[in-house]
Amino acid sequence: MRLLERDSNGEFSLTKDIVNNLPAYAILSHTWGEDDQEVTFQDLTERSRKSKAGYQKIRFCGEQAARDGLRYFWVDTCCINKSDAAELQKSINSMFRWYKNAVKCYVYLSDVSIPDDKVKSHSKIDFESAFQTTKWFTRGWTLQELLAPSSVEFFSADYRRLGDKLSLERLIHERTGIPVEALHGYDPTKFSVDERVSWIAKRETKHEEDMAYSLLGIFGIYLPLIYGEGLENAFRRLREEINKSVKGHEFDKFPKFGIENQPKFTVPFVRDPKFVGREDIMQEITNRFEIQRSIALCGIGGIGKSQIAIEYCYTWKYRYPDSHVFWVHASTFDRFEQAFRDIAKETSIPGTEDPQNDTLTTVRDWLNKPENGSWLLVLDNADDLELFFELNPSATNPSHPLISNFLPRSANGFIITTTRDKRIGQRLTDREEEIMILPLASRDAEQLLRSKVPRLENANNEDIQILVDILGNIPLAITQAAAFIQENSMTIKTYIEELKASDSDLQDYLDENLPDPRRYPGSENSVTRTWKLSFDQIAKHFPRAANLLSLMVQLDRQAIPKALLKHRSDRSIEFNKAVGALQAYSLIRTEKGGSSFEVHRLIQLSTQRRLSLQQKQTEWQEKALELMVKKFPSGHYRTWQECESLLLHAKLVTKRNYVRKAVLLQRAKLLENIARYDESQGRLEAAYVQWKDVLQIRESKLGKKHPETLIAMNNLAGVLSGQGKYAESETINHQTLELLEDVLGKTHPETLTTMSNLALVLNSQGKYAEAETMNRQTLELKEEVLGKTHPETLTTMSNLAVVLNSQGKYAEAETMNRQTLELSEEVRGKTRPVTARVG
């Protein structure tokens, strides 16, 4: 393939014929003018090109490519030596692939011109009519030029951008009859042979045989060109070759699903209809997936990594509708674990409903099995290196397993990781080069701003350029600025003046310089400057919204339930106005379904920083703790669903360092409920850590003999027993029993319960004689205090029978069991036998 290379002076020249390692390039699609006015291969070699009319569109292609950061471009009129029959035949057979591999395809519509007065009058009808009647849609070769590239942009005769094939999909579909699905991503397996042939029926070519030859790439086949054979013979050879190759079609590479295994799509965000630019990144992801199974999108927060991943998920869904698409939040281990539980639930993986099973390993193994189909998995916000890899090999008892151990490796799956730390990206892709996400190209940044603020259509272009430059061309910053301008009906110039006047007081890692040598040195704080202006404005005009955000940033930033934030005393209109203000400034985002919210990580951190500067961070941390104490349930069976929805938020607020006694006791209360829920779900290690923390707080603030302290000791001993740590459990049970006897007395129900628990622990260690003694003492006291027929008494009798049986005292055990059964039937009936259990 021979390309045109544009130098720094704007001049261009032909490269040599490149066989391997093609550089990124743009490509031109157009309709030919008069043959003697098109610039040919010979014109370029003889440097007689500028006098011809066709030179202007070649120059435009080079300039547009340069604006998109591309040095190379390709134009069919002059990059093929048509006097060489072998080269011409090879080029025509390669044409579809060349268009497909292009980063950008520019369609120059020489017969579409939109006068300024029509543009200013917003004449939609005039534009649509002009676009749909262009002769470009009547030419045979332009069919593959429309379908093959992932990015196709249309330009008028005066080189004004009209849109791309996605934004103009309705008009293109109406004009050509080509399904919208094919415009989103051409997959030949989705369309029959006859349907694809029909797309060219109303088109024409200069040579009749080209009606067939222009379909070669559409069907992924190759034919020798025989000009003069006629239309009928050309189509006959085409159909014969199609029949030979249809089974081995290169696109048919994913297994099909049966009704019982429909593909799942768990992306929690709707597609952004105003997503702009990034065509080169989207194409790069596709290209990488041809040679590797895992890729990483790396860059600073707010640069658009997640948005690119979301857009690619929807693109993938259209290309491969039989493939699963899974979205996994990886900002914390808890979030990662929750996402895998969601996958297990969504796909109904057997066994994962049992809390005792290892869900992470089960889901990983399920993804690795080819029979479960193809999939794309997005690992989003993978920013903490310690969550994925062991940084200190000598450390013992890590707080959680490593996420990297649970990531699938399969020939039927692909992974996209978004991360701010490229070290994570490199490790997760086996040291393959990461895809760095840089700020938007200036033109795309300006388009994004205009799409967010429609009334800017006639704004001063220079002011728009200055603003997006100040904002660093960062998508999140532009979106926030647009919301501020729209909300306050400001002019661009006024907003720029206010933005330049504000001081940047947000530091630490929000002050990191963007690693891009093409940026001006003074633009590194653009994101924080934008956020500070938004925060100040909201605090001034929407105090309820400012308070709401101050509370939300203390919680886990994702899946914040709407019901958690709305107080009973809140008027719906006031709450909705506060939420609306935060959404207008893009400080929060409604997650799919509208019942929960998400706060961007950098917004969360910068808001916390702002509260610290105002000496209000501790106040809001305590308010968030108080809220979770009120909202997080007891952990009993009927509250499990609510517990699961609040678990990440509850765990986060307990991790902070509180000082005041009353607040510390609130923290202990919340930890107690979390521990009960974790224990019910089989997460005994987590429950152990939490009960230990509760005990430490209550011992230091209430004293060792306080009833709540003793309850914590009892539960800690129970968790240790559940983990099989019987010796430790026995020690704590002994300590608890001694304190209970001293504080509450030997006959108090809590004392008796601890005696029963101690007896069970002794039995579990094989200390049968001691267990027998403890059970007999407990039984004697329970009969005295509760009566012989009380359920707790019967339980102790049953436990004693078990201990006797373990010692081989079968006659005594039988006697005790018979007595227990007789009393049990008397009290409960014959259908409810008593079994041994912890008292």
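**Sheet, cavity and salt bridges**

Student: Which residue in S15 is the bridge partner of isoleucine 588?
Tutor: This is a predicted model: local features need pLDDT of at least 70, side-chain atom pairs count only at pLDDT 80 or more, and totals for chains, interfaces and linings use all residues. Residues are numbered from 1 along each chain as its sequence is written, and side-chain values use heavy atoms, leaving out hydrogens and water. S14 and S15 (596–599) pair antiparallel over 3 bridges; strands are DSSP runs of E, at least two residues, and helices are runs of H or I, at least four, numbered from the N terminus. In S15, the partner of isoleucine 588 is valine 599.

Student: Which strands stand at the edges of the sheet?
Tutor: The open sheet has 3 strands in the order S13-S15-S14, with antiparallel pairing (pairing takes at least two DSSP bridges). Each edge strand has a single partner, so one side of each lacks a neighbour in the sheet: these are S13 (560–561) and S14 (588–590).

Student: Which element gives the largest share of the lining of the second largest cavity?
Tutor: A cavity is a set of points on a 1 Å grid over the protein atoms alone where a 1.4 Å probe fits but cannot get out; lining residues have an atom within 4 Å of a point. The lining includes Asp334, Leu647 and Arg683. Two elements give two or more residues, H30 (640–654) and H16 (333–347). The largest share, 4 residues, comes from H16.

Student: Lysine 651 is in that lining too. How far apart are its closest N and O atoms in the salt bridge with aspartate 678?
Tutor: A salt bridge puts a side-chain nitrogen of Lys or Arg within 4 Å of a carboxyl oxygen of Asp or Glu. Aspartate 678 lies in H31 (661–680) and lysine 651 in H30, so the pair ties together parts 27 residues apart in sequence. The closest N and O atoms are apart by 3.5 Å.

Student: How many residues separate aspartate 322 and lysine 190?
Tutor: These two form a salt bridge, with N and O 3.7 Å apart. Aspartate 322 is partly exposed at 23%, and lysine 190 is partly exposed at 26%. Aspartate 322 sits in the loop between H15 and S9, lysine 190 in the loop between H9 and H10, and the separation is 132 residues.

How values were computed: 1 Å grid on protein atoms, 1.4 Å probe; cavity = no way out; pocket = protein on both sides within 12 Å on 5 of 7 lines; lining within 4 Å. Buried < 20%, exposed > 50% of the residue type's maximum accessible area, 1.4 Å probe, protein only.
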